[in-house]
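Thanks for coming. Please take a look at the chain on the screen before I go through it.

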Amino acid sequence: MFEQAYAVRHFFAAGGPVMWAILLVAIALWTLILERYWYHWFVYPREFARLKARWEDSSNDALWQARKIQAQEVSQLRRQLVGSVFLIRTFITLCPLLGLLGTVTGMIQVFDVLGFHGTGNPRAMASGVSMATIPTMSGLVVALSGLYFSIDLQRRGSAKARVAADVLSQILVKAGKHETQTASQ
């Protein structure tokens, strides 16, 4: 346990201060991703069932008005389904940029060492090189790991919104036919 903690600490020390910024962005990114999956798996089914039950129980006199209200509610549902995906994608874009910042600061350190010691001290240059490469790698790993899930969340949200629009539209059509049949009898 202590060896692993030491290895992580050494990894962050070798990567420089930019690693802490990448860690903060990674924590925020994965918190948002987990929150979105929580919403899709646990909150959305209850909200959709509640909305569906409300439309099944409602009786609207004007069909065109009911369709407008339903379109608005589906739009709100779609916005809730893909709500944080934009922020997730922003964090994904930010991670490689932070890695690039680490590369630049590491290269500046390498040039400082070259300017002071020349090429005679490879050990001092190695710390700058690791400070240049580790943040780049870390930023790319965090970005690539979040990219798949952001695409998946976008697709899931769009698909669920389409299904919700279809189901609610069918409920409205059935209610309209039922009222037409009742009125003709």
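Predicted model: local features only at pLDDT ≥ 70, side-chain atom pairs only at ≥ 80, totals over all residues.

Residues are numbered from 1 along each chain as its sequence is written, and side-chain values use heavy atoms, with hydrogens and water left out.

Confidence comes as pLDDT, the predictor's own score for each residue, from 0 to 100. The protein chain has a mean of 89, and 94% of its residues reach 70 or more. Helix 2 has the highest confidence, at 94, and helix 5, residues 122-184, the lowest, at a mean of 87. Helices here are DSSP runs of H or I, at least four residues, and strands are runs of E, at least two, numbered from the N terminus.

Now the annotations. UniProt, in an unreviewed entry, puts "domain: MotA/TolQ/ExbB proton channel" at residues 63-156. Its positions are in the numbering used here, feature names are shortened, and annotations may be inferred rather than shown by experiment. That span is 93% helix and 0% strand, with its end C-alpha atoms 30 Å apart. The unreviewed entry also lists "transmembrane region" at residues 12-34, 86-111 and 131-151. Residues 86-111 are 100% helix, with 38 Å between the end C-alpha atoms. Residues 131-151 are 100% helix too, with 31 Å between theirs.

On to packing. Axes are lines fitted to C-alpha atoms, for helices over the stretch in contact, and angles run from 0 to 180 degrees between N-to-C directions. Helix 1, residues 2-15, packs on helix 2, residues 18-57, at about 115 degrees, with the axes 7 Å apart. Contact means heavy atoms within 4.5 Å; here Phe11, Phe12 and Gly15 of helix 1 meet Met19, Trp20 and Leu23 of helix 2.

How do helix 2 and helix 4 run relative to each other? Their axes come within 9 Å and cross at roughly 165 degrees, helix 4 being residues 85-117. That makes the two roughly antiparallel, a term for angles over 145 degrees. Among the contact residues are Val18, Leu29 and Arg36 of helix 2, and Leu87, Phe91 and Thr105 of helix 4.

Last, helix 2 and helix 3, residues 63-81, pack at about 170 degrees with axes 11 Å apart. Helix 2 is therefore roughly antiparallel to helix 3 as well. Their contact includes Arg36, Tyr39 and Trp55 from helix 2 and Ala66, Glu73 and Leu81 from helix 3.

Key
Parallel < 35°, antiparallel > 145°, perpendicular 65-115°, else oblique.
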